[in-house]
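Hi,

Here is the structure I promised to pass on.

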Amino acid sequence: MQPLTNRSKQVVKKEMTFAEKLYLPAIFGGMIITFKNMFRKSATVQYPEVKRDMSPNFRGQHVLKRDENGAERCTACGLCAVACPAEAITMNAAERKKGEEGLYREEKYAANYEINMLRCIFCGLCEDACPKEAIFLTDRIVPTEFDRDDFVYGKDKLVEKVNERIDVTKRQTPEVLEFKKNKSLSHNKI
Amino acid sequence: MEAGLLFKIILVVAMFAVSLLVAMYSTFLERKVSAWMQNRKGPNRAGPLGLLQPLADGVKMFMKEEIIPNVSNKALFIIGPCVAMTTALMAGALIPWGGDIELWGRTFTLQVADLNIGVLYIFGITSLGVYGIMIGGWASNNKYSLMGAIRASAQMISYEIAMGLAIIALIMSTGTMSLKEIADQQDAGLANFVYQPLGFLIFLICAFAELNRAPFDMPESESELIGGYHTEYSSMKLGLFLFAEYINMFISSAVIVTFYFGGYHFPFQNEINEALGLSTTMATALGTGIMFLKVFFFIFFFMWIRWTLPRFRYDQLMRLGWKSLIPLAILNILVTGVVMWMNGKIN
């Protein structure tokens, strides 16, 4: 059979020589190895101060986007909840009242919207399912909590703040960006 | 007399303080050395460079919940760590830390007690050390602890024999049992390890076994006996057990240095002291500094070995002790005797 690598070694069980039986040369050799390693660069990343670069398509904590005017894009269609293989997303829909046009983009909106971060597997299928470009996964890491209930994120944590928008351009494919430039499509109207 | 007593008291207190301080920072150094050898950084958060880590560890140990098992023998359970700690601290009294110093117009020696049977005293005290572990392991009423205690006593008794035999050859060649005289004999000439290389090697290996340090850490064996004799211990009682090991490491490094590496003497010391024009006190301070450097090297050496070698199997440990080290030590005595006879030192 062809070996996968050339690193395999034939095991030989032979009598040890006197020098090998003494073990001292072997111990000394081991000590040289450990001593050399003392001067190697340590592999540690000092986490809170230094953060490792993330993959450009890292999928972390979700964001519910607002449109250019600050209105929530989500219309509570439920496609993300249907698409979610982990059944982490729940929502309740409500109808937009008069005078709330600045808050919600379309007539229907999500009165509450919850993602259970412990159930979520961060697959990104909710992104793919969303017809309104409302939900995106970002490069933020979901922080640790002491209680399981605290991992159920509501709209307070998911919807982006009007004054601090969250950049999701990394999650938008060139095709989507090209599509968005076409203002004639109703989807892209402000 | 008054000044002499006062000096001794100061020296005893200083001895304790230094032992504890060195042991404290040995725990820190151990973690650092292990980290460096494994390409990690080690503790670096508590204080600058992590230097306050031992304090944090101590506080942690004190704050932990104290658990004494219901089925344990409570008196012995408490005595165990006390014995381990006391015996660890007692051996330091015999180490000559330096030569003479001049204070208040009088001359003092930097040694708490210069017994003419100092070597025997050191051996007696280190043999008592096993009682702390035995009592602790037995009183816990736990099979892992008992296994650890049995291993500890078997191991320490086995290796004490080889250690004693190695020392007999040293006593033959030096002709004294006083630690100060052994140190002073290496003053001008070569250090003892040149005359007793095999004896030194046997003593060093046995020191590892006596200290229960890797590769001889059978009594603890955290991976198979869950800590061995200190499985049931918690809070500062556990801390005392662990701390006693580091004090022992410091003291046994000092003993090795005194026996085989010239103690507070160093090569060309008379020439260097004359060239620098040092007074007696300053020369002693220099010698003590050099001694501490040697001791720290051996502490580092203990750690170096620990993070290099894996643990022995129990039968391997016993075979090494009884079938290799003891015959070698006896051979060493014979060779020493023959060489001394050929040099006309024995008639």
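Below is what turned up when I went looking for pockets.

One thing to keep in mind is that this is a predicted model. As for the general idea, rolling a probe the size of a water molecule over the atoms shows where empty space is left.

Let's start with the largest pocket, which has a volume of about 1,300 Å³. Its lining is made up of 35 residues. If you want to find the centre on your screen, look for A:Leu22, A:Tyr23, A:Leu24, A:Ile27 and B:Ile205, which lie nearest to it. Two or more lining residues each come from helix H1 (18-22) and helix H2 (24-37) of chain A, and also from helix H8 (197-210), helix H11 (280-306) and helix H12 (314-342) of chain B. Which helix gives the most? That's H8(B), with seven residues. Sorted by class, the lining has 30 nonpolar residues, two polar ones and three charged ones.

Now for the second largest pocket, which holds about 800 Å³ of space. Here 32 residues form the lining, and B:Thr27, B:Asp57, B:Met61, B:Leu242 and B:Tyr246 are the ones nearest the centre. The elements giving two or more residues to this lining are helix H1 (2-37), helix H2 (53-63) and helix H9 (235-260), which belong to chain B. H9(B) has the largest share, at nine residues. And how do the lining residues of this second largest pocket divide by class? There are 13 nonpolar, eight polar and 11 charged.

Happy exploring!

Definitions and conventions:
Residues are numbered from 1 along each chain as its sequence is written. Chains are lettered from A and ligands numbered from 1 in the order in which they are written. This is a predicted model: local features need pLDDT of at least 70, side-chain atom pairs count only at pLDDT 80 or more; totals for chains, interfaces and linings use all residues. Side-chain values use heavy atoms; hydrogens and water are left out. On a 1 Å grid over the protein atoms alone, a cavity is a set of points where a 1.4 Å probe fits but cannot get out, and a pocket is an open set with protein on both sides within 12 Å along at least five of seven lines; lining residues have an atom within 4 Å of a point. Grid points are joined across faces, edges and corners, and a volume is the space filled by probe spheres set on the points. Helices (H or I, at least four residues) and strands (E, at least two) are DSSP runs, numbered from the N terminus. Ala, Val, Leu, Ile, Met, Phe, Trp, Tyr, Cys and Pro count as nonpolar, Asp, Glu, Lys and Arg as charged, and the others, Gly among them, as polar.
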